[in-house]
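Dear colleague,

Please find below the structure that I am handing over to you, followed by a summary of what was found in it. I would be grateful if you could read the notes with the structure open beside them.

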Amino acid sequence: AVLNAYAKSGGGKAAALRAEQLLIQMQNSLFSSPSGKGLETDVCHNAVMDCWSVSRDPQAGDRAESWLRNLDCPSRISYNACLKAYSRSEAPRQAQRLLDEMRNLAKTSHPELEPDKISISTCIDAWSKYTENVTEAAYQAEALLRQMELDYEESSKANHKGSLDLPHPRIPRRNSARTNSHSKQPDIVTY
């Protein structure tokens, strides 16, 4: 809870450094405990990565990735926290590298790391903030969006076994019960 409070405090780099120090203290006390076990979850690491993502520090992504690399088995949530730090520190190439790493790990040994819509959207956001080469940024962001659309179509086909009668989840479907043409009430839209 304290680590999350640092992320929400608006304390910038100083808050992220305090969160790091607290996590290090927690790790040291757990490693020196009779059980000899360290932190077994990535929740605390994710909180520190979140602190870095809101720190406005140009090195936030690198600091977050160092915490990601400290995890024995990082989750998709951990990767997403690191992606967010790179996005907010305007480092789209590093975010893209992490996204590609997630895809490779998902294909080879860790299917649970398959990037989700948060992962891809965060990487698109990173490219949208990139001003050094706007043509490259636009191309990369659009390529990610197109890939996300293709992934959605493939998963829809697999999940619905070819049913063509399914609406897109973002496009409202008009209710078949219409009001009469003289009524001023609009058609009912359901989602």
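**Helix pair α5 and α6**

Helix α5, residues 76–88, and helix α6, residues 92–108, have axes that come within 8 Å and cross at roughly 165 degrees. Please note that this is a predicted model. An angle over 145 degrees counts as roughly antiparallel, and α5 and α6 are therefore roughly antiparallel to each other. The crossing in which α5 passes α6 is left-handed.

On the α5 side, the residues that take part in the contact are R76, Y79, N80, C82, L83 and Y86. They meet Q94, A95, R97, L98, L99, E101, M102 and L105 of α6.

**R103 in helix α6**

Helix α6 also holds R103. Is this arginine, R103, buried or exposed? Its relative accessible area is 18%; because buried means under 20%, R103 is classed as buried. Leaving aside residues up to four places away in sequence, R103 touches Q96, P115, I120, L144 and Q147.

**Helix α4**

In helix α4, which spans residues 60–69, the buried residues are A60, G61, A64, E65, W67 and L68. Viewed down the axis of α4, these buried residues fall within an arc of 155 degrees, so they line one face of the helix.

Yours sincerely

Note on methods:
Residues numbered from 1 in each chain as written. Predicted model: local features only at pLDDT ≥ 70, side-chain atom pairs only at ≥ 80, totals over all residues. Heavy atoms only, no water. Axes fitted to C-alpha atoms, helices over the stretch in contact; angles between N-to-C directions. Helix = DSSP H or I, 4+ residues; strand = E, 2+ residues; numbered from the N terminus. Parallel < 35°, antiparallel > 145°, perpendicular 65-115°, else oblique. Left-handed = near helix turned anticlockwise from the far one by under 90°. Contact = heavy atoms within 4.5 Å. Buried < 20%, exposed > 50% of the residue type's maximum accessible area, 1.4 Å probe, protein only. Arc of directions from axis to C-beta.
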